Amino acid sequence: MSAIRGLAVRISTLVVRCASPGSKEWAEALAAEMEFIENDWSALAWSLGSLRVLLHHREAPGTSVEDLIRSAKKLADARRAGNIAWIIFLGQAIHFAIFPESREPLQHFGQELTAVGCAVLSVWMFFDQRRGRKVPDGHDSAEMLSFYRTELERAAGFLRRPASWIVLMSFGCVAMGWTLGESGSFVAHPFKHALPSVLLVGFVLLFMHQRRSGLRQLARLRATLSEQE
Amino acid sequence: MAIRRSPQLLSVLAEFLQSEGEWRYGYDIRRNTGLKSGTLYPILMRLAEHGMLETSWEAQVEGRPPRHLYKITSDGLRYARERLSEAAVKGAVGQPAFDGVGAS
């Protein structure tokens, strides 16, 4: 087997391994088809094209109530465990508010802006975490499913709540304040001061991904429960 | 998820119309339409999701992996004819898709 063919096979194998449950069959179909492509470069092009399957996230067909309860328990465990992100943001808020690193007006303003953004995010995360204590213990399936549904519906309606826009604006404040605090100017260096913007874009992409995934899970939950009724 | 109407979709539908009722391999469709695998398979996935394409695995032949097969359903045929006649009226059918490519 040539190196090119070997690379193509590796890519196809990776795609099959990483494809979402509902897309796995398609990834396998693409991988199987590659065996019938004689030209090595064409096989490589074929395998590179198969990477597109990874963008199509699909849940496994025929979700059962047991699967849903398992997902609900996973979410409940994560809620119970909580996280320390609010402490990190609180620490940042205190740091920038009490110990500003620069007296230069724009940099100082940037640090204050970061402090405000971090403080709001810390408060929001703290109260969001406290909700986690109301998680059911997992013995009652109906209660678990009800919890799961409430959580998914809450996440789906995130953008409709005014508080969520405050959270998003706080992230914007942190990114903008960070850039100003570093550069001391509204015109940031594209490479030197890119990190806050990159992190903000990363956060927005992660948020969009989580939201889409939540909506898919909600649709799956509703479909399965309506089949049961 | 809705099926996005594109020249690539029309090429795939036209390809299935040419071999109505026959099971087809993905690579053969790719050769006849000239589409890349990353364009072709998402279209096949969406058509299958909407019940317009039937899929199946062929029986395993010794030494070679089984291949995935595709056949257009009656709903798919109806949809293909509608879309292609619509496109013909608008003059939007992708012409190069079949030029100079031999049938499999």
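1. Helices (DSSP runs of H or I, at least four residues) and strands (DSSP runs of E, at least two residues) are numbered from the N terminus. By this rule, chain A has 9 helices and 0 strands, and its pattern along the sequence is α-α-α-α-α-α-α-α-α.

2. The model is a predicted one, in which local features need pLDDT of at least 70 and side-chain atom pairs count only at pLDDT 80 or more, while totals for chains, interfaces and linings use all residues. Residues are numbered from 1 along each chain as its sequence is written, chains are lettered from A and ligands numbered from 1 in the order in which they are written, and side-chain values use heavy atoms, with hydrogens and water left out.

3. Burial is considered next. A residue is buried when its relative accessible area is under 20%, exposed when it is over 50%, and partly exposed in between (1.4 Å probe, protein chains only). Of the 229 residues in chain A, 38% are buried. In chain B, which has 104 residues, the buried share is 44%.

4. Accessible areas come from the Shrake-Rupley method with a 1.4 Å probe, and for residues only the protein chains shown count as cover. The accessible surface of chain A is about 13,600 Å², and carbon and sulfur atoms supply 63% of it. For chain B the accessible surface is about 5,600 Å², with 49% belonging to carbon and sulfur atoms.

5. A contact means heavy atoms within 4.5 Å. Among the contacts in chain A with a separation of 6 or more, 76% join residues 24 or more positions apart. The corresponding share in chain B is 63%.

6. How do helices H5 and H6 of chain A cross? Helix H5 (residues 85-98) of chain A and helix H6 (residues 105-131) of chain A have axes that come within 7 Å and cross at roughly 155°. Axes are lines fitted to C-alpha atoms, for helices over the stretch in contact, and angles run from 0 to 180 degrees between N-to-C directions. Angles under 35 degrees count as roughly parallel, over 145 as roughly antiparallel, 65 to 115 as roughly perpendicular and the rest as oblique. H5(A) and H6(A) are therefore roughly antiparallel to each other.

7. The contact of H5(A) with H6(A) includes A:Trp86, A:Phe89 and A:Phe96 from H5(A) and A:Cys118, A:Met125 and A:Phe126 from H6(A). By class, this contact has 13 nonpolar, 5 polar and 1 charged residues. Here Ala, Val, Leu, Ile, Met, Phe, Trp, Tyr, Cys and Pro count as nonpolar, Asp, Glu, Lys and Arg as charged, and the others, Gly among them, as polar.

8. In chain B, helix H1 (residues 7-18) and helix H4 (residues 74-90) pack at an angle of about 125°, with their axes 9 Å apart. H1(B) and H4(B) are therefore oblique to each other, and their crossing is left-handed. Residues of H1(B) that include B:Leu9, B:Leu13 and B:Leu17 meet residues of H4(B) that include B:Leu77, B:Tyr79 and B:Leu84. The residues of this contact comprise 10 nonpolar, no polar and 2 charged.

9. H1(B) also crosses helix H2 (residues 26-33) of chain B, at roughly 115°, and their axes come within 10 Å. That makes H1(B) roughly perpendicular to H2(B). The crossing of H1(B) with H2(B) is right-handed. B:Ser11, B:Val12, B:Glu15 and B:Phe16 of H1(B) make the contact with B:Ile29, B:Asn32 and B:Thr33 of H2(B). Its residues divide into 3 nonpolar, 3 polar and 1 charged.

10. Is A:Met34 buried or exposed? A:Met34 lies in helix H2 (residues 24-34) of chain A and is buried, with a relative accessible area of 4%. Leaving aside neighbours within four places in sequence, its contacts include A:Arg5, A:Val9, A:Trp46 and A:Ser47. A:Ser12 is another of these contacts; the C-alpha atoms of A:Met34 and A:Ser12 are separated by 8.5 Å, and the two residues are 22 residues apart along the chain.

11. A:Ser47 belongs to helix H3 (residues 40-49) of chain A. With 0% relative accessibility, A:Ser47 counts as buried. Apart from neighbours within four places in sequence, A:Ser47 is in contact with A:Ala8, A:Ile11, A:Ser12 and A:Met34.

Key. A crossing is left-handed if the near helix is turned anticlockwise from the far one by less than a right angle, and right-handed if clockwise.
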